[in-house]
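Hello,

Here is the structure you asked to look at. My notes on it follow below.

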Amino acid sequence: MLDIQLLRTDLEQIIHKLASRNYQFPVERFNQLEHDRKKIQTHTEALQAKRNAASKCIGQAKSKGEDASEILAEIASLGDALKTSENHLEQIQSELQAILYEVPNLPHDSVPEGNGEEDNQEIRRWGEIPEFNFAIMDHVSLGENLNMLDFETAAKLSGARFSLMKDNLARLHRALAQFMLDTHVQENGYTETYVPYLVNRNSLQGTGQLPKFEADLFAVTAGNNKTNPSEHHEHFYLIPTAEVPITNIVRDEIIPFKALPLKFVAHTPCFRSEAGSYGRDTRGLIRQHQFDKVELVHIVHPDESYAALEELVGNAEKILQKLKLPYRVMALCTGDMGFSAAKTYDIEVWLPAQKTYREISSCSNCEAFQARRMQVRFRNGNGKPVLLHTLNGSGLAIGRTLVAVLENFQNADGSVSIPEVLQPYMNGLDRLRTAGGK
(Lines give C-alpha, C1' and ligand atoms only; values in the text may rest on other atoms or scores of the structure.)
Protein backbone atom coordinates (compact mmCIF):
# COMPACT_ATOMS: atom_id res chain seq x y z
CA MET A 1 0.00 0.00 0.00
CA LEU A 2 1.28 3.46 -0.86
CA ASP A 3 1.83 6.14 1.77
CA ILE A 4 -1.20 8.40 1.47
CA GLN A 5 1.02 11.40 2.23
CA LEU A 6 2.72 10.87 -1.14
CA LEU A 7 -0.64 11.22 -2.83
CA ARG A 8 -1.45 14.32 -0.84
CA THR A 9 1.86 16.07 -1.56
CA ASP A 10 2.92 14.79 -5.01
CA LEU A 11 -0.22 13.48 -6.70
CA GLU A 12 0.74 14.47 -10.25
CA GLN A 13 4.05 12.59 -10.12
CA ILE A 14 2.40 9.52 -8.56
CA ILE A 15 -0.27 9.49 -11.27
CA HIS A 16 2.46 9.56 -13.93
CA LYS A 17 4.33 6.65 -12.35
CA LEU A 18 1.16 4.61 -11.99
CA ALA A 19 0.25 5.30 -15.62
CA SER A 20 3.53 3.63 -16.62
CA ARG A 21 2.09 0.52 -14.93
CA ASN A 22 -1.07 0.77 -17.04
CA TYR A 23 -3.02 1.87 -13.95
CA GLN A 24 -5.38 4.83 -14.10
CA PHE A 25 -5.60 6.44 -10.68
CA PRO A 26 -9.14 7.64 -9.71
CA VAL A 27 -8.09 11.28 -9.42
CA GLU A 28 -11.53 12.89 -9.22
CA ARG A 29 -12.80 10.50 -6.57
CA PHE A 30 -9.62 10.87 -4.51
CA ASN A 31 -9.67 14.66 -4.69
CA GLN A 32 -13.36 14.78 -3.71
CA LEU A 33 -12.76 12.50 -0.72
CA GLU A 34 -9.73 14.54 0.33
CA HIS A 35 -11.77 17.75 0.09
CA ASP A 36 -14.53 16.21 2.21
CA ARG A 37 -12.00 14.78 4.69
CA LYS A 38 -10.38 18.16 5.30
CA LYS A 39 -13.76 19.84 5.71
CA ILE A 40 -15.17 17.22 8.09
CA GLN A 41 -11.89 16.92 9.99
CA THR A 42 -11.83 20.69 10.58
CA HIS A 43 -15.47 20.58 11.68
CA THR A 44 -14.81 17.63 13.99
CA GLU A 45 -11.81 19.32 15.60
CA ALA A 46 -13.86 22.49 16.11
CA LEU A 47 -16.63 20.52 17.84
CA GLN A 48 -14.04 18.76 20.03
CA ALA A 49 -12.52 22.10 21.02
CA LYS A 50 -15.96 23.54 21.77
CA ARG A 51 -16.89 20.52 23.90
CA ASN A 52 -13.61 20.76 25.81
CA ALA A 53 -14.17 24.45 26.45
CA ALA A 54 -17.72 23.78 27.65
CA SER A 55 -16.50 21.01 29.96
CA LYS A 56 -14.03 23.44 31.47
CA CYS A 57 -16.85 25.94 32.04
CA ILE A 58 -18.85 23.28 33.92
CA GLY A 59 -16.00 22.80 36.34
CA GLN A 60 -15.71 26.53 36.88
CA ALA A 61 -19.49 26.94 37.35
CA LYS A 62 -19.68 24.13 39.89
CA SER A 63 -16.73 25.52 41.84
CA LYS A 64 -18.65 28.79 42.16
CA GLY A 65 -21.93 27.04 43.03
CA GLU A 66 -23.58 28.28 39.82
CA ASP A 67 -26.24 26.46 37.77
CA ALA A 68 -24.51 24.46 34.98
CA SER A 69 -27.65 22.91 33.44
CA GLU A 70 -27.50 25.02 30.27
CA ILE A 71 -23.86 24.12 29.71
CA LEU A 72 -24.63 20.43 30.32
CA ALA A 73 -27.39 20.60 27.72
CA GLU A 74 -24.99 22.26 25.30
CA ILE A 75 -22.42 19.49 25.85
CA ALA A 76 -25.06 16.83 25.23
CA SER A 77 -25.98 18.54 21.96
CA LEU A 78 -22.29 18.84 21.02
CA GLY A 79 -21.78 15.17 21.83
CA ASP A 80 -24.44 14.11 19.32
CA ALA A 81 -23.07 16.42 16.63
CA LEU A 82 -19.51 15.26 17.35
CA LYS A 83 -20.48 11.59 17.07
CA THR A 84 -22.16 12.25 13.71
CA SER A 85 -19.12 14.15 12.47
CA GLU A 86 -16.69 11.46 13.68
CA ASN A 87 -18.73 8.74 11.96
CA HIS A 88 -18.72 10.74 8.73
CA LEU A 89 -14.95 11.22 8.97
CA GLU A 90 -14.44 7.50 9.61
CA GLN A 91 -16.52 6.67 6.53
CA ILE A 92 -14.41 8.98 4.37
CA GLN A 93 -11.18 7.48 5.76
CA SER A 94 -12.49 4.00 4.96
CA GLU A 95 -13.22 5.01 1.37
CA LEU A 96 -9.72 6.47 1.01
CA GLN A 97 -8.29 3.24 2.44
CA ALA A 98 -10.31 1.22 -0.08
CA ILE A 99 -8.77 3.25 -2.91
CA LEU A 100 -5.27 2.65 -1.53
CA TYR A 101 -5.85 -1.11 -1.38
CA GLU A 102 -6.51 -1.10 -5.16
CA VAL A 103 -3.43 0.94 -6.14
CA PRO A 104 -0.29 -0.98 -7.23
CA ASN A 105 3.21 -0.24 -6.00
CA LEU A 106 5.31 2.49 -7.61
CA PRO A 107 8.06 1.22 -9.94
CA HIS A 108 11.66 1.80 -8.90
CA ASP A 109 13.52 4.33 -11.06
CA SER A 110 15.67 1.54 -12.52
CA VAL A 111 12.67 -0.36 -13.92
CA PRO A 112 12.41 -0.06 -17.73
CA GLU A 113 9.19 1.52 -18.97
CA GLY A 114 6.93 -0.58 -21.16
CA ASN A 115 3.45 -1.97 -21.65
CA GLY A 116 4.00 -5.73 -21.53
CA GLU A 117 6.41 -8.65 -21.71
CA GLU A 118 7.69 -7.57 -25.13
CA ASP A 119 9.28 -4.57 -23.39
CA ASN A 120 11.14 -6.59 -20.73
CA GLN A 121 14.94 -6.37 -20.87
CA GLU A 122 17.29 -9.33 -20.93
CA ILE A 123 20.04 -9.03 -18.31
CA ARG A 124 22.06 -12.21 -18.83
CA ARG A 125 22.02 -15.79 -20.04
CA TRP A 126 23.57 -18.94 -18.59
CA GLY A 127 24.17 -22.40 -20.02
CA GLU A 128 24.23 -23.98 -23.45
CA ILE A 129 20.98 -24.74 -25.23
CA PRO A 130 21.00 -28.51 -25.93
CA GLU A 131 21.05 -29.87 -29.46
CA PHE A 132 19.27 -33.11 -30.32
CA ASN A 133 19.90 -35.47 -33.26
CA PHE A 134 16.44 -37.02 -32.91
CA ALA A 135 12.83 -35.84 -32.94
CA ILE A 136 12.20 -34.47 -29.45
CA MET A 137 9.01 -34.76 -27.42
CA ASP A 138 7.39 -32.30 -25.03
CA HIS A 139 7.11 -33.15 -21.35
CA VAL A 140 3.54 -34.41 -21.70
CA SER A 141 4.46 -37.03 -24.32
CA LEU A 142 7.59 -38.00 -22.40
CA GLY A 143 5.69 -38.46 -19.13
CA GLU A 144 2.81 -40.34 -20.70
CA ASN A 145 5.11 -42.63 -22.70
CA LEU A 146 6.93 -43.45 -19.47
CA ASN A 147 3.51 -44.23 -17.93
CA MET A 148 4.31 -41.80 -15.11
CA LEU A 149 2.19 -38.75 -16.00
CA ASP A 150 -1.60 -39.10 -16.21
CA PHE A 151 -3.85 -36.14 -17.00
CA GLU A 152 -6.90 -38.24 -17.84
CA THR A 153 -7.19 -39.71 -14.35
CA ALA A 154 -6.46 -36.31 -12.80
CA ALA A 155 -9.36 -34.87 -14.79
CA LYS A 156 -11.60 -37.67 -13.51
CA LEU A 157 -10.57 -36.83 -9.94
CA SER A 158 -10.69 -33.05 -10.12
CA GLY A 159 -11.17 -31.64 -13.61
CA ALA A 160 -8.96 -29.72 -16.03
CA ARG A 161 -5.58 -28.22 -15.03
CA PHE A 162 -4.69 -30.97 -12.57
CA SER A 163 -2.07 -33.69 -12.92
CA LEU A 164 -1.33 -37.13 -11.52
CA MET A 165 2.29 -38.28 -11.28
CA LYS A 166 3.41 -41.73 -10.23
CA ASP A 167 6.39 -44.01 -9.84
CA ASN A 168 9.80 -42.40 -10.36
CA LEU A 169 8.37 -39.20 -11.85
CA ALA A 170 6.55 -38.49 -8.58
CA ARG A 171 9.78 -39.34 -6.79
CA LEU A 172 11.74 -36.96 -9.01
CA HIS A 173 9.22 -34.22 -8.27
CA ARG A 174 9.79 -34.81 -4.55
CA ALA A 175 13.56 -34.95 -5.06
CA LEU A 176 13.54 -31.53 -6.69
CA ALA A 177 11.78 -30.02 -3.67
CA GLN A 178 14.19 -31.63 -1.21
CA PHE A 179 17.22 -30.59 -3.28
CA MET A 180 16.02 -26.97 -3.44
CA LEU A 181 15.32 -26.82 0.29
CA ASP A 182 18.67 -28.34 1.19
CA THR A 183 20.53 -25.91 -1.08
CA HIS A 184 18.76 -22.83 0.29
CA VAL A 185 19.13 -23.87 3.93
CA GLN A 186 22.64 -25.33 3.87
CA GLU A 187 24.30 -23.04 1.32
CA ASN A 188 22.22 -19.85 1.15
CA GLY A 189 21.43 -19.33 4.84
CA TYR A 190 17.63 -19.54 4.85
CA THR A 191 15.51 -20.69 7.77
CA GLU A 192 13.20 -23.49 6.71
CA THR A 193 9.54 -23.06 7.64
CA TYR A 194 6.44 -25.21 7.47
CA VAL A 195 3.42 -22.95 7.07
CA PRO A 196 -0.39 -23.28 6.85
CA TYR A 197 -1.90 -23.88 3.42
CA LEU A 198 -5.12 -22.16 4.52
CA VAL A 199 -4.92 -18.48 5.48
CA ASN A 200 -7.34 -15.79 6.59
CA ARG A 201 -8.34 -12.65 4.75
CA ASN A 202 -5.95 -10.43 6.71
CA SER A 203 -2.96 -12.44 5.50
CA LEU A 204 -3.90 -12.08 1.83
CA GLN A 205 -4.68 -8.41 2.33
CA GLY A 206 -1.25 -7.96 3.91
CA THR A 207 0.67 -9.23 0.88
CA GLY A 208 -1.61 -7.60 -1.70
CA GLN A 209 -3.71 -10.46 -3.11
CA LEU A 210 -6.85 -9.02 -1.54
CA PRO A 211 -9.06 -7.22 -2.20
CA LYS A 212 -8.00 -6.74 -5.83
CA PHE A 213 -7.37 -10.36 -6.90
CA GLU A 214 -10.05 -12.35 -5.11
CA ALA A 215 -11.09 -14.01 -8.40
CA ASP A 216 -7.67 -15.69 -8.56
CA LEU A 217 -8.14 -17.43 -5.21
CA PHE A 218 -9.87 -20.57 -3.99
CA ALA A 219 -12.08 -19.76 -0.99
CA VAL A 220 -12.90 -22.38 1.63
CA THR A 221 -15.65 -22.28 4.26
CA ALA A 222 -16.00 -24.85 7.06
CA GLY A 223 -19.21 -26.89 7.27
CA ASN A 224 -22.23 -25.86 9.29
CA ASN A 225 -22.01 -26.04 13.05
CA LYS A 226 -24.81 -28.49 13.94
CA THR A 227 -24.57 -27.64 17.65
CA ASN A 228 -24.98 -23.93 17.03
CA PRO A 229 -26.23 -23.27 13.45
CA SER A 230 -26.18 -19.51 13.98
CA GLU A 231 -22.42 -19.52 14.58
CA HIS A 232 -20.47 -18.03 11.66
CA HIS A 233 -17.35 -19.85 10.52
CA GLU A 234 -14.22 -18.01 9.48
CA HIS A 235 -13.61 -17.75 5.76
CA PHE A 236 -10.30 -19.25 4.63
CA TYR A 237 -8.38 -19.22 1.36
CA LEU A 238 -6.00 -21.78 -0.11
CA ILE A 239 -2.62 -20.12 -0.51
CA PRO A 240 -1.70 -18.96 -4.03
CA THR A 241 1.95 -18.89 -2.95
CA ALA A 242 3.90 -19.48 0.27
CA GLU A 243 4.83 -15.79 0.10
CA VAL A 244 1.51 -15.13 1.86
CA PRO A 245 1.93 -17.15 5.08
CA ILE A 246 5.72 -16.65 5.28
CA THR A 247 5.64 -12.85 4.96
CA ASN A 248 2.73 -12.61 7.39
CA ILE A 249 4.82 -14.32 10.07
CA VAL A 250 6.03 -10.82 10.95
CA ARG A 251 2.70 -9.01 10.56
CA ASP A 252 2.10 -6.41 13.31
CA GLU A 253 5.62 -7.01 14.66
CA ILE A 254 8.50 -4.71 15.50
CA ILE A 255 11.58 -6.75 14.55
CA PRO A 256 14.73 -6.26 16.65
CA PHE A 257 17.37 -4.52 14.55
CA LYS A 258 19.94 -7.19 15.44
CA ALA A 259 17.66 -9.91 14.03
CA LEU A 260 17.78 -8.44 10.51
CA PRO A 261 17.84 -9.64 7.82
CA LEU A 262 15.29 -12.45 8.09
CA LYS A 263 15.45 -15.08 5.34
CA PHE A 264 12.78 -17.80 5.16
CA VAL A 265 12.18 -20.70 2.80
CA ALA A 266 9.24 -23.10 2.52
CA HIS A 267 8.02 -25.84 0.20
CA THR A 268 4.25 -25.77 -0.25
CA PRO A 269 1.56 -26.59 -2.74
CA CYS A 270 0.01 -23.48 -4.31
CA PHE A 271 -3.56 -23.08 -5.52
CA ARG A 272 -4.70 -20.66 -8.20
CA SER A 273 -7.94 -20.39 -10.12
CA GLU A 274 -6.04 -19.02 -13.16
CA ALA A 275 -8.85 -16.53 -13.74
CA GLY A 276 -8.50 -14.91 -17.14
CA SER A 277 -5.99 -17.49 -18.44
CA TYR A 278 -8.41 -19.69 -20.37
CA GLY A 279 -6.79 -21.13 -23.47
CA ARG A 280 -3.26 -20.45 -22.24
CA ASP A 281 -0.94 -23.41 -21.61
CA THR A 282 -3.80 -25.87 -21.44
CA ARG A 283 -1.44 -28.75 -22.27
CA GLY A 284 0.78 -30.08 -19.52
CA LEU A 285 2.21 -28.82 -16.26
CA ILE A 286 2.93 -25.18 -17.10
CA ARG A 287 -0.30 -23.65 -15.77
CA GLN A 288 -2.10 -25.74 -13.14
CA HIS A 289 -4.69 -25.07 -10.44
CA GLN A 290 -2.43 -26.93 -7.99
CA PHE A 291 1.36 -26.89 -8.18
CA ASP A 292 4.34 -27.01 -5.82
CA LYS A 293 6.87 -24.28 -5.23
CA VAL A 294 9.84 -23.56 -3.02
CA GLU A 295 9.44 -19.92 -1.94
CA LEU A 296 12.09 -17.52 -0.65
CA VAL A 297 11.22 -14.47 1.48
CA HIS A 298 13.53 -11.71 2.81
CA ILE A 299 12.60 -9.15 5.49
CA VAL A 300 15.32 -6.50 5.42
CA HIS A 301 16.43 -3.00 6.38
CA PRO A 302 15.24 -0.47 3.75
CA ASP A 303 18.84 0.42 2.85
CA GLU A 304 19.64 -3.21 2.07
CA SER A 305 16.66 -4.27 -0.05
CA TYR A 306 18.16 -3.85 -3.53
CA ALA A 307 21.31 -5.74 -2.55
CA ALA A 308 18.96 -8.39 -1.12
CA LEU A 309 17.11 -8.55 -4.46
CA GLU A 310 20.32 -9.37 -6.31
CA GLU A 311 21.12 -12.00 -3.67
CA LEU A 312 17.65 -13.50 -4.00
CA VAL A 313 17.96 -13.80 -7.78
CA GLY A 314 21.39 -15.36 -7.38
CA ASN A 315 20.03 -17.96 -4.94
CA ALA A 316 17.35 -18.99 -7.45
CA GLU A 317 19.89 -19.06 -10.30
CA LYS A 318 22.14 -21.39 -8.31
CA ILE A 319 19.45 -24.09 -8.42
CA LEU A 320 19.31 -23.99 -12.21
CA GLN A 321 23.09 -23.95 -12.47
CA LYS A 322 23.39 -27.03 -10.25
CA LEU A 323 20.79 -28.75 -12.42
CA LYS A 324 22.67 -27.58 -15.56
CA LEU A 325 19.52 -26.09 -17.06
CA PRO A 326 20.02 -23.13 -19.45
CA TYR A 327 18.19 -19.94 -18.52
CA ARG A 328 18.08 -16.18 -18.87
CA VAL A 329 17.32 -13.35 -16.41
CA MET A 330 14.87 -10.64 -17.45
CA ALA A 331 14.18 -7.25 -15.86
CA LEU A 332 10.42 -6.74 -16.07
CA CYS A 333 9.13 -3.46 -17.44
CA THR A 334 6.67 -1.22 -15.59
CA GLY A 335 3.65 -2.68 -17.40
CA ASP A 336 4.50 -6.33 -16.69
CA MET A 337 5.27 -6.31 -12.97
CA GLY A 338 3.08 -7.80 -10.28
CA PHE A 339 0.82 -5.63 -8.14
CA SER A 340 3.05 -5.41 -5.04
CA ALA A 341 6.44 -5.19 -6.75
CA ALA A 342 8.66 -2.12 -7.07
CA LYS A 343 11.17 -4.10 -9.16
CA THR A 344 11.09 -7.66 -10.51
CA TYR A 345 13.49 -10.03 -12.20
CA ASP A 346 12.07 -13.09 -13.94
CA ILE A 347 14.24 -16.14 -14.47
CA GLU A 348 13.21 -18.04 -17.59
CA VAL A 349 14.34 -21.61 -18.27
CA TRP A 350 14.84 -23.04 -21.77
CA LEU A 351 12.15 -25.51 -22.90
CA PRO A 352 13.29 -27.37 -26.04
CA ALA A 353 9.81 -28.50 -27.14
CA GLN A 354 8.56 -24.90 -27.15
CA LYS A 355 11.88 -23.58 -28.47
CA THR A 356 11.69 -20.68 -26.06
CA TYR A 357 12.44 -19.55 -22.50
CA ARG A 358 9.59 -19.77 -19.97
CA GLU A 359 9.31 -18.19 -16.53
CA ILE A 360 10.40 -20.46 -13.69
CA SER A 361 11.00 -17.85 -10.99
CA SER A 362 9.88 -14.30 -10.31
CA CYS A 363 11.93 -12.35 -7.74
CA SER A 364 10.57 -9.04 -6.47
CA ASN A 365 11.45 -6.23 -4.10
CA CYS A 366 8.18 -4.86 -2.70
CA GLU A 367 9.98 -2.16 -0.69
CA ALA A 368 7.60 -0.95 2.07
CA PHE A 369 4.40 -1.68 0.10
CA GLN A 370 3.53 -4.92 1.92
CA ALA A 371 5.12 -3.82 5.20
CA ARG A 372 2.78 -0.80 5.35
CA ARG A 373 -0.25 -3.05 4.90
CA MET A 374 1.05 -5.48 7.55
CA GLN A 375 2.75 -2.93 9.86
CA VAL A 376 6.11 -4.73 9.82
CA ARG A 377 8.67 -2.43 11.43
CA PHE A 378 11.98 -2.04 13.24
CA ARG A 379 13.24 0.75 15.50
CA ASN A 380 15.83 3.11 14.05
CA GLY A 381 18.68 4.70 16.00
CA ASN A 382 16.26 7.20 17.55
CA GLY A 383 13.90 4.45 18.69
CA LYS A 384 11.28 5.40 16.11
CA PRO A 385 9.38 2.53 14.41
CA VAL A 386 10.23 2.42 10.68
CA LEU A 387 8.76 0.19 7.98
CA LEU A 388 10.92 -2.67 6.76
CA HIS A 389 11.21 -3.88 3.16
CA THR A 390 9.94 -7.28 2.01
CA LEU A 391 11.14 -9.39 -0.92
CA ASN A 392 10.01 -12.72 -2.32
CA GLY A 393 10.87 -15.10 -5.11
CA SER A 394 10.50 -18.67 -6.31
CA GLY A 395 13.45 -20.85 -5.65
CA LEU A 396 12.00 -22.57 -7.79
CA ALA A 397 8.58 -23.55 -9.17
CA ILE A 398 8.90 -27.33 -8.91
CA GLY A 399 6.50 -28.38 -11.66
CA ARG A 400 8.13 -26.10 -14.22
CA THR A 401 11.57 -27.29 -13.13
CA LEU A 402 10.39 -30.85 -13.69
CA VAL A 403 9.19 -29.85 -17.17
CA ALA A 404 12.64 -28.40 -17.94
CA VAL A 405 14.44 -31.51 -16.67
CA LEU A 406 12.24 -33.83 -18.75
CA GLU A 407 12.66 -31.87 -21.95
CA ASN A 408 16.33 -30.89 -21.66
CA PHE A 409 17.56 -34.32 -20.55
CA GLN A 410 15.44 -36.55 -22.81
CA ASN A 411 17.09 -39.33 -24.79
CA ALA A 412 16.37 -40.87 -28.19
CA ASP A 413 14.87 -44.00 -26.61
CA GLY A 414 12.28 -41.95 -24.68
CA SER A 415 14.12 -42.19 -21.37
CA VAL A 416 15.16 -39.12 -19.37
CA SER A 417 18.55 -38.71 -17.72
CA ILE A 418 18.41 -37.52 -14.11
CA PRO A 419 20.70 -34.56 -13.27
CA GLU A 420 23.64 -35.65 -11.18
CA VAL A 421 22.75 -33.48 -8.18
CA LEU A 422 19.36 -35.21 -7.92
CA GLN A 423 20.62 -38.78 -8.08
CA PRO A 424 21.40 -39.04 -4.32
CA TYR A 425 17.72 -38.16 -3.69
CA MET A 426 16.71 -40.93 -6.11
CA ASN A 427 18.74 -43.67 -4.40
CA GLY A 428 21.31 -43.52 -7.20
CA LEU A 429 18.81 -43.80 -10.07
CA ASP A 430 20.29 -42.08 -13.11
CA ARG A 431 17.48 -42.38 -15.65
CA LEU A 432 13.69 -42.48 -15.92
CA ARG A 433 12.66 -45.48 -18.02
CA THR A 434 9.46 -47.32 -18.79
CA ALA A 435 8.81 -50.42 -16.70
CA GLY A 436 11.16 -53.12 -17.97
CA GLY A 437 13.16 -50.58 -19.97
CA LYS A 438 16.93 -50.81 -20.05
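This is a predicted model: local features need pLDDT of at least 70, side-chain atom pairs count only at pLDDT 80 or more; totals for chains, interfaces and linings use all residues.

Helix H7 and helix H12 pass each other in a right-handed crossing. Two packed helices are described by the angle between their axes and the distance between the axes. Here the axes of H7 (residues 167–186) and H12 (residues 398–408) cross at roughly 115 degrees and come within 10 Å.

Which residues make the contact between H7 and H12? On the H7 side they are Leu169, Leu172, His173, Leu176, Ala177 and Met180. H12 contributes Ile398, Gly399, Thr401, Leu402, Val405 and Leu406. Sorted by type, the residues of this contact are 9 nonpolar and 3 polar, with no charged residue.

Next, a sheet. Three strands make up an open sheet with antiparallel pairing, in the order E5-E7-E6. Strands E5 (198–199) and E6 (218–221) are at the edges; each has a single partner strand, so one side of each has no neighbour in the sheet. E6 and strand E7 (residues 235–238) run antiparallel and are joined by 4 bridges. Within this part of the model, Thr221 lies opposite His235 of E7.

Glu113 sits in the loop between helix H4 (69–102) and strand E1 (121–126). Is Glu113 buried or exposed? Its relative accessibility is 60%, and a residue over 50% is called exposed, so Glu113 counts as exposed. Setting aside neighbours within four places in sequence, Glu113 is in contact with His16, Ser20, Asp119, Cys333 and Thr334. Of these, take Thr334: 221 residues separate Glu113 from Thr334 in sequence, but their C-alpha atoms are 5.0 Å apart in space.

Finally, some totals for the chain. Its secondary structure comes to 12 helices and 17 strands. Of its 438 residues, 48% count as buried. The C-alpha trace spans about 105 × 55 × 45 Å along its principal axes. The accessible surface is about 21700 Å², and carbon and sulfur atoms account for 47% of that surface. Among contacts in the chain with a separation of 6 or more, 73% are between residues 24 or more positions apart.

Regards

Notes: Residues are numbered from 1 along each chain as its sequence is written. Side-chain values use heavy atoms; hydrogens and water are left out. Axes are lines fitted to C-alpha atoms, for helices over the stretch in contact, and angles run from 0 to 180 degrees between N-to-C directions. Helices (H or I, at least four residues) and strands (E, at least two) are DSSP runs, numbered from the N terminus. A crossing is left-handed if the near helix is turned anticlockwise from the far one by less than a right angle, and right-handed if clockwise. Contact means heavy atoms within 4.5 Å. Ala, Val, Leu, Ile, Met, Phe, Trp, Tyr, Cys and Pro count as nonpolar, Asp, Glu, Lys and Arg as charged, and the others, Gly among them, as polar. Two strands pair if DSSP finds at least two bridges between them. Buried means under 20% relative accessible area, exposed over 50%, partly exposed in between (1.4 Å probe, protein chains only). Accessible areas come from the Shrake-Rupley method with a 1.4 Å probe; for residues, only the protein chains shown count as cover.
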